[in-house]
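This report looks at a few residues one at a time, asking where each sits and what lies around it. Please keep the sequence and the model in view while reading.

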Amino acid sequence: MLSNLTDCTVRLHGAPSTVHLYKLKNCKILCGPVKTSIFAEECLDSVLVLSCQQLRLHHCQATHIYLHVTSRAIIEDCKSLQFAPYMYSYLSLDDDFQSTGLSQTVNNWSDVADFNWASKEPSPNWSRLPEIERKNWSTFK
């Protein structure tokens, strides 16, 4: 669990079974593949670069999510989220994907279920990050 962090950059490599993020402010989380779920709550003004089977976000705001997810992302009580495809690489990434069993070819990064939005119209709580604003986090120092 990563909790109560402000102005931090964290890199998580390896193949954890699950990850919990709680009360992050102005943080950058660069995460390799996670076998099952990532749960994030109360993340504000942050960048989350995540790969997992399922993503659940609660009470997050003004955050960019670069995502590789094999099922879907679920948001609840969130606002001003922007999603983009996973753009992160490191030396052992392929081995970490193999260890988790996650498919590298299946990525549902834009399949986001907003539990606070039942309408067939697009949710006002999230959008796709425009391509021109996307960043490759592999080279981030």
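## Thr63 and its surroundings

Setting aside neighbours within four places in sequence, Thr63 is in contact (heavy atoms within 4.5 Å) with Cys43, Leu44, Asp45, Ser46, Val47, Leu48, Ser80, Leu81 and Gln82. Thr63 belongs to strand β8, residues 61-69, where strands are DSSP runs of E with at least two residues, numbered from the N terminus. With a relative accessible area of 1%, Thr63 is buried; buried means under 20%, exposed over 50%, and partly exposed in between, using a 1.4 Å probe and protein chains only. A polar atom of the Thr63 side chain lies 3.4 Å from the backbone nitrogen of Ser46.

## How the model is read

This is a predicted model, in which local features need pLDDT of at least 70 and side-chain atom pairs count only at pLDDT 80 or more, while totals for chains, interfaces and linings use all residues. Residues are numbered from 1 along each chain as its sequence is written, and side-chain values use heavy atoms, with hydrogens and water left out.

## His20

His20 lies in strand β3, residues 19-25, and counts as partly exposed at 33% relative accessibility. Not counting residues up to four places away in sequence, His20 touches Met1, Leu2 and Phe39.

## Two loop residues

His59, in the loop between β7 (54-58) and β8, has a positive phi of about 55 degrees although it is not a glycine. Asp77, placed in the loop between β9 (73-76) and β10 (79-85), likewise has a positive phi of about 55 degrees without being a glycine.

Technical notes: Helices (H or I, at least four residues) and strands (E, at least two) are DSSP runs, numbered from the N terminus. A polar contact is a pair of N or O atoms within 3.5 Å; within protein, one must be able to donate a hydrogen and the other to accept it, and residues adjacent in sequence count only if both atoms are side-chain atoms.
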